Amino acid sequence: LFRSEIIRNRIDQFGVSEPSIQLQGLDRIVVQLPGVTDRARAKDIVGKTAHLEFKIVADDPELLKKAMAGEEVEGYEKKKMKERDGKEEEILLEKKAVLTGDMLINATTEFSQQGFGMPYVSLELNDKGADIFADVTSMNIGKRLAIVLDGEVSTAPVIREKIPSGRAQISGNFSLQEAKDIALILRAGALPAPVKIIEERSVGAALGKDSIEKGIKSVLIGGVAVILFMVVYYLLGGVIADIALGVNFTLIMAAMSYFHATLTLPGIAGLILTIGMAVDANVLIFERIREELNLGKNLRAAVSAGYEKAFLTILDSNVTTLITALILFQFGTGPVKGFATTLSIGILTSVFSAVFVTRLLLDVITVRFPKMKSLPMLRILKDTAIPFIKMRKFSYILSIVVIALGMSMFVQRGEKNYGVDFTGGTLYQLEFRGEAPVQEMRKVLGEIGLSVSTIQRVRESNEIILRTPLGDQDSLMNALTQKFGEDSFQVLRVEEVGPATGKDLQKIAFKALLFAILGILIYIGIRFEFKFATTAVIALVHDVLMALSWIAITGREISLPVVAAILTVVGYSINDTIVVFDRIREDRKIMRKISFGEIIDLSINQTLSRTILTSTTTLLVVLSLFLFGGPVINDFAFVLLIGVVFGTYSSVFIAAPLLYDWPSKKAAKKKR
């Protein structure tokens, strides 16, 4: 278990956002690295022990003479050290290390001021290590101190003075990539014993070709639906928004390619949320322009005022989501980091495309066609006056009942709530006589209740690697034999594997989510008020509990992609809530003669058209994924669907009404 966590740390720093790491038996670990092309470097990073030692170099001429003559010197060992010119120097070291790498807290790559800027590894020790290092250097001035990595002497500089800073250097004839990899491995931690790579395979995607094709098809259907919807509803404005959406998507793909990010299900979740937020920003701008045109302003003035008034709302909603993404990236790992990577890139590109690209296009149009008086748009909802505050108690009761029912079922189901990613399972390696029937196998697994299993074809062979939940092996083999025939395949191995996400990884994900919520709380508290921040967080918790409740109610399982979908719920919900809160804050400044409850009702009604439009466009993509994405990603799409619905619901019926019920003397006075 300790080794698997060290390997995960190394791989996360290597740049693979969503590795799969599972214990297999007592002394084996299965590591899958999506999108990795430099396999030799990956094996080196995974397998290097990274045992770091500091040893004093003997300077006694008699001892050196004996060692060089081939005699064994008790308490010392002879080593060879490569010099910059390629030659080797034989040196004698004390066997006992004065300091080891377990006191290391950081390792970075830097460049020397001399030697043509050669790269080296800078080491930083913890307080205890710094004290030991200071004592060692003060007592051995004039002697050489060898830095030994995995039994090889990297460098052996002369100690000129006491070094109290707890910093050291590993220099050698390194390339930049070698120095970076050494620093990466040291930061991640040393393995307690060497790792032997006994098997290496190149496998297909975990989803399978059929599922990938269905996923791409469903996203394309949803994307086309969003594009058509925007054109039909906003006409010329919709065309401009679609161009910006295309620019945004291109920038995201370019950035992901630059950072060598892999697009997996969690990445798709971040992409869907990004598309939803990009469309949301355009809807906010166009609805603001509509309001300014209704006040009698000319088109250029309305465009200018619309962007100015929408900008702060767009900024607040995107900054809160970006805070979430950055914290999840910093503290998360696996699918959490993959989701955060895509979302962070998407937020930055969305703001750029929605604010700057559309503004540029609209400015060009208004300058080129000065006689254009307005920006034609359709309007489904006109001025509504729905009494949301009066309906709040009903919505509170509804939420409490659904969450209570769902969470009670969640508790009753226990381990059944979690899929193979969390509970572990069985690994089967099968070899077929003909071409491996991946799609047919997926159907068989669905028929016997194992649709959550992952099927991967070993490239350039007829072998399949199958991971299923722990269960009856005989029933699986009987089903496969009945479908394909007894002589059509042979079982190469069957082994029990541990969960892809261990207890430590689950704690890290939970910790990342808590820090993200804390970050949101602080930002909204600064930009708005403490009660706004608190009610927004309550709405977030409400949405997460709703997602978990519906997972339990529908008998689904939590997998790593579902975790990413739940994080999407958080991002979508806070974005929607901020838009409503921003309008409440704006109306409260200019409407001082009406009650706080009336202001809340008015603000929700003013933003209701935008709320419905944004939810509709996001639902088009998610619903397409749910209906056409296939059984493998059905749970993932279902949680996204629940998240969009209840994220919208909580912003209107939970977060905003809670502001009215917030206990304070000032609020009580306003109510009276």
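I began with Phe-432 and Phe-489 and found both of them buried. This is a predicted model, so I read every value here as computed. The ring centres of Phe-432 and Phe-489 are 5.5 Å apart and their planes stand at 40°, so I noted the pair as tilted. Phe-432 belongs to strand β12 (residues 425-432) and Phe-489 to strand β15 (residues 489-497), so I logged a link between distant parts of the chain, 57 residues apart.

Next I turned to Phe-528 and Phe-581, an edge-to-face aromatic pair with 6.5 Å from centre to centre and 65° between the planes. I located Phe-528 in the loop between α15 (503-527) and α16, and Phe-581 in helix α17.

How many aromatic pairs does the structure hold? I noted 16. Ring pairs also join Phe-388, Trp-550, Phe-646, Tyr-649 and Phe-653 into a cluster.

Then I followed the helices. The axes of α16 (residues 530-553) and α17 (residues 560-590) come within 9 Å and cross at roughly 145°. I wrote down the crossing as right-handed. Which residues of α16 meet α17? Among them I listed Phe-532, Ala-536, Ala-539, Leu-540, Asp-543, Val-544 and Ile-551. On the α17 side, I noted residues including Val-562, Ile-566, Val-570, Thr-577, Phe-581 and Arg-588. By class, this contact is made of 15 nonpolar, three polar and three charged residues. I was pleased to meet Phe-581 again here, having already seen it paired with Phe-528.

My last stop was Ala-146, which I placed in strand β9 (residues 144-149). Is Ala-146 buried or exposed? Its relative accessibility is 0%, so I count it as buried. Leaving aside residues up to four places away in sequence, Ala-146 touches Glu-53, Phe-54, Lys-55, Val-57, Leu-93, Val-153, Thr-155 and Ala-156. I also checked Ala-97, which is 49 residues from Ala-146 along the chain; their C-alpha atoms are separated by 9.6 Å.

Notes. Residues are numbered from 1 along each chain as its sequence is written. This is a predicted model: local features need pLDDT of at least 70, side-chain atom pairs count only at pLDDT 80 or more; totals for chains, interfaces and linings use all residues. Side-chain values use heavy atoms; hydrogens and water are left out. Axes are lines fitted to C-alpha atoms, for helices over the stretch in contact, and angles run from 0 to 180 degrees between N-to-C directions. Helices (H or I, at least four residues) and strands (E, at least two) are DSSP runs, numbered from the N terminus. A crossing is left-handed if the near helix is turned anticlockwise from the far one by less than a right angle, and right-handed if clockwise. Contact means heavy atoms within 4.5 Å. Ala, Val, Leu, Ile, Met, Phe, Trp, Tyr, Cys and Pro count as nonpolar, Asp, Glu, Lys and Arg as charged, and the others, Gly among them, as polar. Buried means under 20% relative accessible area, exposed over 50%, partly exposed in between (1.4 Å probe, protein chains only). Rings of Phe, Tyr and Trp (its six-membered ring) pair if their centres lie within 6.5 Å; planes under 30 degrees apart count as stacked, over 60 as edge-to-face and the rest as tilted.
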